[in-house]
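Have the sequence and the model side by side. We will walk from overall confidence to one helix, its aromatic partners and a loop residue.

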Amino acid sequence: MGNRILVTIVDAANGFLNAFNQDTSSTAAIPTGFSLYVRLLMIVLIYNAIFALIGFLSRKYLIGENISLSNYLNQLGSYSNAMLIADVISIVLLWVTIPADFSTIETNHGFIYVFIFALSLLSLMWSIAFIGSILISANKAKMDKIYVAIIAEIVVGIVLFIIFKGVYSSVAANYSSLGTSLIGVLS
């Protein structure tokens, strides 16, 4: 489904650009299908690995708990299980609100609203699970656990910013010709 949506968007962008330029050099080469899936999967895996590693290191060294990585991941996973239910509901809502023709996406705001709400809800649930995995422990901490959770959230934000800034720069370099062509056509 995602491939079908992206191919439709890419074809529409190419048609729009070529209608004004009559030049095939402005054709967008956006990855679709399996290559897009692998790239998005790697981003999600890196994102989750950063959270897991920083949460584990916070519990182990800042709180001073003798915990293994597998035990920490089990606890984090048990706190984030509710995300699966919200994810299934979000997928169903997105499937229902998806427009039949993506050329009408500007007039069909239901899909966009559901997508933003689902993304916000899942991010909130993940943050609660992450903070809960740091705060909930039986051991006496070296420093107050709430400060550990705040420090961990700040460190995660900084690390994700640095990593995804590099990813964004790479993506922007690859697809800047599409944006430049689009702006040139609209001017």
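The paragraphs below go from the whole chain to single residues.

This is a predicted model, in which local features need pLDDT of at least 70, side-chain atom pairs count only at pLDDT 80 or more, and totals for chains, interfaces and linings use all residues. Numbering starts from 1 along each chain as its sequence is written, and side-chain values use heavy atoms, with hydrogens and water left out.

Start with confidence. pLDDT is the predictor's confidence in each residue, from 0 to 100. The protein chain has a mean pLDDT of 78, and 68% of its residues reach 70 or more. Helices here are DSSP runs (H or I, at least four residues), numbered from the N terminus.

Now take α5. At 1.5 Å a residue, its 27 residues should span 39 Å, and its end C-alpha atoms are 39 Å apart, which agrees. The expected span is 1.5 Å times one less than the number of residues. Which residues of α5 are buried? They are F111, V114, A118, L122, M125, W126, A129, F130, G132, S133 and I134. Buried means under 20% relative accessible area (exposed is over 50%, partly exposed in between; 1.4 Å probe, protein chains only).

Of its 22 residues, F51, Y72, L76, F130, I134 and V156 touch the most other members. The elements giving two or more residues are α2, α3, α4 (82-97), α5 and α6. The largest share, six residues, comes from α5. Y72 contacts F51 and F130, among others beyond four places in sequence; contact means heavy atoms within 4.5 Å.

Next, the rings. Rings of Phe, Tyr and Trp (its six-membered ring) pair if their centres lie within 6.5 Å; planes under 30 degrees apart count as stacked, over 60 as edge-to-face and the rest as tilted. There are four aromatic pairs. F51 and F130 form an edge-to-face pair, 4.9 Å centre to centre with 85° between the planes. F51 lies in helix α2 (residues 33-62) and F130 in helix α5, so the pair ties together parts 79 residues apart in sequence.

Finally, S137 sits in the loop between α5 (109-135) and α6 (145-186). S137 is buried, with a relative accessible area of 18%. Beyond four places in sequence, S137 touches R59, I63, E65 and K145.

Methods
Core = buried A, V, L, I, M, F, W, Y, C linked by side-chain atoms within 4.5 Å.
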